[in-house]
Amino acid sequence: MKHQNIVLLIIVFLSCCSCMDDEAYMNEQKLNKTVSDIINEDYVLISNEGNFMYGNASISYYNKTTHELINDVFSKQNIMPIGDVVQSIVLRDGLAYIVVNNSGKIFVINMGKFPHLPAFAYVGKVTGLVSPRYIHFINNSKAYITDLYAKSITIFNPETLDKTGFISVDNKSSEFYQHPTEQMVQYDKYVFTNCWSYDNKLLVIDSEKDIVVDSINVGLQPTSLVLDKNNKLWTITDGGYKGSPYGFEAPSLWKIDAKSRKVEQVFHFKEGDRGSEVKLNGAKDSLYFINKGIWRMSITDENLPSKAFISGENKLFYGLNIDPVDSDIYAIDAIDYVQPGLVYRISSQGKPIDTMRVGIIPGEAVFSH
Amino acid sequence: MLLLPNFIYRCVKWSLAISTFLIRLVPINYINVFIFIGMHKILKIKLIFLFTICSLFVKASIPDSILLKEVKIVEKLIVKKKRAGLKFQKIDTLVLSNLSHRSLSEVLSENTPIFIKTYGRGSMATASFRGTAPSHTKVLWNNMEINSPMLGMVDFSLIPTWFMDDVNLSYGAASVKKSAGALGGSVEMTNKADWRKGFSLHTLSSAGSYKTYDQFISLNYSNRKFSSKTKAFYSVSDNDFKFFNKDIPASVDLKTGEISHETQKQKNADYKKYGFLQELYYKLSLKDMVSFKIWNQYSDRSLPQLSTNESNDKDSDGKLILNNINNQLDRSTRISSSWKHYFNKSNLKVDFGYINTNLDYYLDVKQNRGEKKVSNRVIDSESKIDTYMAKAELTGNIKERTRYSLSGEFSANRVDTKESVKKTGYKENRNKESFVLFMQHQWTRNISQNITLRQPFVDEKADPLIYVSALEYTAGEKKQFKLGANFTRNYNRPTLNDLYFQPGGNPDLKPEDGFTYEGNIGYTVSGKNYDLDLSTSAYKSDIDNWIIWLPNDRGFWEPFNLKNVKVTGLEFKAKLKGKLFNDLQYRLSGNYAYTKSINHGDGVTLGDQSKGKQLPFIPKHSSNLLLNIEYKDWFINHNFTYYSERFTTSSNDRKKEQAGRDLYPYYMNNISFGHRFLLKKKCLAEIKFRIDNLFDEDYRSILQRPMPRQNYTLLLDLKF
């Protein structure tokens with residue numbers, strides 16, 4: 001009889017000691033960075049997308065001078081997760097606007113505008129978005145948010161964080177789901193945006209009237225968009241995928257005059273190549289993009305370079321950003337996408353400077369200056 | 001007329017059959033059974049012969065545990081019915097009846113070492129058996145594999161426990177006789193005829209928190225030759241539990257920076273499920289029985305948003321417009337028919353089966369654009385899956401000491417899946433054949449050995465041979481010690497989605513190739529007032545070409561044969577039942593599993609830190625404990641489940657390290673208690689109250705998916 005009583009006691013013990021601490025799931029080491037700690041520093045914010053439907057996105061802070069790296073600054077400061085899939089960040093007037101794609105929101109955090117609050121402190125949000133991707137500021141009281149699924153661009157007022165209007169980009173004439181708007185650049189009063197998923201267009205929006213006024217046909221699935229110092233638009237397509245009902249072709253790089261909206265040159269890649277992430281250096285005269293490795297060319301080159309500037313061997317480049325001040329390259333390796341990724345900081349001469357292990361699926365780096 | 005050994009064998013079987021029958025009518029204990037056996041040994045041959053024939057047909061319903069006793073009585077070297085040296089687990093009928101209003105996912109997670117990953121109450125639940133992936137657990141219903149050929153896995157939240165009479169687990173090598181590719185093991189569910197004459201009716205009604213209502217019914221009719229069972233259920237829930245959402249800011253004070261949070265109701269988590277199961281059994285002759293079973297089911301579920309989601313909009317009156325509304329519709333029809341013929345020393349079983357599954361999923365996005373509300377369908381996918389199956393198995397003995405089984409299986413899968421927004425999809429067929437040979441030999445009273453050979457063919461091409469070799473040694477006066485060992489090579493084909501999904505499917509994927517060693521020890525002891533069953537196993541698996549899906553730089557996912565996974569595990573199981581005082585009976589059973597499931601694949605890139613790390617979502621330690629106490633007509637059940645931390649990254653990051661997240665250890669207690677009584681002398685009634693999440697834990701078991709706090713269910717069980 002004795003041993004049975006002991007067993008019963010064990011059960012009671014086990015049951016009572018069980019307790020789950022849901023608070024502990026967030027990072028308990030609260031961050032204490034004040035605004036003065038960062039305001040005069042040269043820093044980089046890295047957006048880590050996290051896994052789709054995991055809600056494990058994060059923001060990393062990297063000090064360019066001291067090489068200090070702090071991961072997960074948003075949740076360490078605010079003791080809450082940032083959300084599901086951080087797509088992009090815009091730094092403007094002492095605030096960072098963080099687009100949380102699959103949470104349908106934009107979080108605004110303090111990067112100096114509120115000196116009495118800590119750095120990275122949450123200060124506001126725009127909610128009720130469908131699948132937001134990128135933000136482009138027209139002026140202090142008007143900004144655009146592109147969207148993958150909304151078939152419209154949302155206009156919001158950054159001063160009040162209220163949504164103030166929509167620009168319809170619904171392409172009813174296509175049998176595919178269009179238009180999915182992505183990155184934006186502005187020439188004069190016109191905002192250009194590339195339409196990536198199952199699309200082949202750059203849309204032209206009049207930012208005074210908030211309507212689509214024109215479109216430019218490019219190759220299949222333009223992934224990214226920049227405007228160089230000569231007012232030429234550059235976009236790189238990924239060409240879709242094999243077996244896609246929308247079509248499949250080799251990737252290509254497009255040069256378009258922003259004023260006339262005429263295609264000036266198309267650079268074709270080989271089949272099996274992968275084009276993405278066209279970027280410019282600080283002077284906006286050198287072009288960078290990913291095609292397995294990282295490639296560089298002048299905006300006036302007539303041909304694609306013969307070999308990669310940085311080899312992609314043993315790496316899986318997912319993102320690319322160029323520091324506008326010193327033209328350092330921030331090349332992003334997402335590894336297997338289910339572990340914290342790496343950011344390689346490389347000088348414009350191709351010399352490695354630093355390697356940072358950041359969050360899951362690092363997507364882009366944005367610069368304080 | 002009858003050979004002597006055969007006579008003894010049947011004589012015992014007859015006695016057992018009668019006693020089994022009586023046990024069902026009146027709860028008599030084992031001592032009575034033995035008295036019964038003793039009594040009937042002196043009965044005349046004539047009578048015995050008559051009952052022997054009857055017993056042939058009761059054979060299917062004799063529980064295994066009683067068959068073991070059979071070996072105890074007959075002191076003769078007869079090959080065991082149970083496959084030696086392999087590990088099986090039969091889920092207690094008490095457990096099945098206690099959880100008959102829930103899905104099989106809860107039965108497994110609360111009573112077996114299988115880890116169930118569930119996305120929330122009523123949501124999808126997938127299994128990890130011995131540290132493997134969901135597609136490495138094969139699920140059989142009446143001998144027919146029901147894993148989706150498209151996805152490879154089974155959603156256990158869609159299997160109503162009410163529909164299953166028997167649930168058995170075959171660990172690792174033990175699965176090979178009935179299915180290929182179960183690198184972890186298999187779960188076998190069967191339906192059995194109930195030959196009690198006349199009509200009987202069983203109903204179970206339940207009402208629970210969050211407007212959850214379930215109704216279950218079972219109608220049984222049997223005569224001498226024919227038996228029919230009709231079962232049906234209907235379950236509906238709003239599932240709108242409240243939770244304090246720490247994951248989104250309700251407001252912020254810009255003077256102090258203080259962020260406040262709010263309690264919110266879970267949205268879009270409602271579900272509705274219903275289904276029926278019809279079973280027909282008919283004895284064609286003294287030596288032939290046919291059966292037919294059809295299981296039809298419908299499930300309509302929404303998958304709730306993550307707790308961080310703030311995409312919901314408001315209309316001009318401030319009313320909420322839910323965004324990202326999705327819905328998953330699962331409809332399935334499964335048919336299984338079989339014919340069993342008894343020869344003198346063998347029997348032949350022929351099965352035919354058909355499965356039709358429809359899986360529809362859509363995702364709608366909605367937004368308020370001033371005057372008008374806009375709604376767009378972003379994903380609209382439909383999948384139709386048909387599986388045809390035929391199987392013949394001959395089982396018999398070669399003399400007394402050798403048993404064999406020879407079988408051939410054929411199955412054809414047809415998958416037709418399309419997504420109308422992106423206009424992707426595929427239509428593919430796959431035919432599989434397998435030939436299986438099983439032999440078991442009793443070398444001495446204590447040593448038995450068996451082998452299983454399975455030769456699969458896929459689309460007429462031969463796969464490598466799958467094989468098992470197992471050895472068992474029993475010791476002790478009453479054979480209370482059991483030692484078993486086995487090794488196996490198994491082989492799992494990629495799913496049709498792995499091969500053909502658009503975009504990403506890779507037709508060049510190689511099958512997953514596994515090799516496993518296993519050792520088991522069992523010990524059974526019975527005292528005056530108790531029975532104790534202890535068993536422990538250790539195993540090591542090496543799985544090559546493990547398939548994982550990874551996103552690529554073009555915005556979609558692709559499967560790769562990337563990993564080599566080595567699983568080392570230890571399982572411990574204990575079962576104690578007995579009497580404390582005259583009227584107090586208790587049962588205590590527990591499982592503990594240690595699972596080290598390590599990735600040994602070379603990394604994808606230079607910075608890869610996943611080598612040597614535990615696979616995501618697989619806990620290293622897991623255990624559960626069930627205590628059942630019955631006092632006269634009152635009873636109480638307490639269940640405790642524990643999982644250690646689960647990583648969500650391949651590099652096993654903890655929250656303190658990189659920006660990775662881990663899931664903290666899981667402890668869950670559920671309790672139920674009730675009372676049994678006779679209603680108007682005709683109806684056996686049971687009223688029961690169940691409390692889930694007894695200690696009102698605020699928890700999640702998947703990132704950003706809140707779980708319900710303490711909740712209640714009231715149940716009424718009536719047997720006519």
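Predicted model: local features only at pLDDT ≥ 70, side-chain atom pairs only at ≥ 80, totals over all residues.
**Stop 1: a salt bridge in chain A**

Select A:Lys64 and A:Asp326. Their side chains meet in a salt bridge, with N and O 3.7 Å apart. A:Lys64 lies in the loop between β2 (58-63) and β3 (69-70), and A:Asp326 in the loop between β23 (317-322) and β24 (329-333), so this pair ties together parts of chain A that are 262 residues apart in sequence. Are these two side chains buried or exposed? A:Lys64 is buried, at 10% relative accessible area, while A:Asp326 is partly exposed, at 31%.

Next, pick A:Glu277 and A:Lys279. Here the salt bridge spans 2.9 Å from N to O, and both residues are buried.

**Stop 2: salt bridges in chain B**

Move to B:Asp463 and B:Arg493, whose closest N and O atoms are 2.5 Å apart in a salt bridge. B:Asp463 is in the loop between β25 (461-462) and β26 (466-475), and B:Arg493 is in the loop between β27 (481-492) and α7 (496-500), 30 residues apart. B:Asp463 is buried at 6% relative accessible area, whereas B:Arg493 is partly exposed at 29%. Then select B:Arg102, B:Glu106, B:Glu110, B:Arg690 and B:Asp692 together: salt bridges with shared partners join them into one network. Over all chains, the structure holds 55 salt bridges.

**Stop 3: a buried charge without a salt bridge**

Now find B:Asp662 in strand β35 (residues 662-663). Which side chain of opposite charge is nearest to B:Asp662? That is B:Arg654, 4.3 Å away. A salt bridge needs the nitrogen within 4 Å of the carboxyl oxygen, so buried B:Asp662 has none. Beyond its sequence neighbours within four places, B:Asp662 has contacts that include B:Glu645, B:Phe647 and B:Lys655.

**Stop 4: rings that pair**

Over all chains there are 45 aromatic pairs. One of them is B:Phe435 with B:Phe457, edge-to-face, with centres 6.1 Å apart and 75° between the planes. B:Phe435 sits in strand β23 (residues 424-442) and B:Phe457 in strand β24 (residues 447-458), so the pair ties together parts 22 residues apart in sequence. B:Phe435 is partly exposed at 49%, as is B:Phe457 at 24%.

Compare B:Phe689 and B:Tyr712: their centres are 6.0 Å apart and their planes at 15°, so this pair is stacked. It links strand β37 (residues 683-692) with strand β38 (residues 711-719).

**Stop 5: charges over rings**

Finish with B:Lys117, whose charged end sits over the ring of B:Phe617, 3.8 Å from its centre. The charged end of B:Lys177 sits over the ring of B:Phe438, 5.4 Å from its centre.

How values were computed:
Residues numbered from 1 in each chain as written. Chains lettered and ligands numbered in written order. Heavy atoms only, no water. Helix = DSSP H or I, 4+ residues; strand = E, 2+ residues; numbered from the N terminus. Buried < 20%, exposed > 50% of the residue type's maximum accessible area, 1.4 Å probe, protein only. Lys, Arg positive; Asp, Glu negative; His and termini not counted. Contact = heavy atoms within 4.5 Å. Phe/Tyr/Trp six-rings, centres within 6.5 Å; stacked < 30°, edge-to-face > 60°. Lys NZ or Arg CZ within 6 Å of the ring centre and 35° of its normal.
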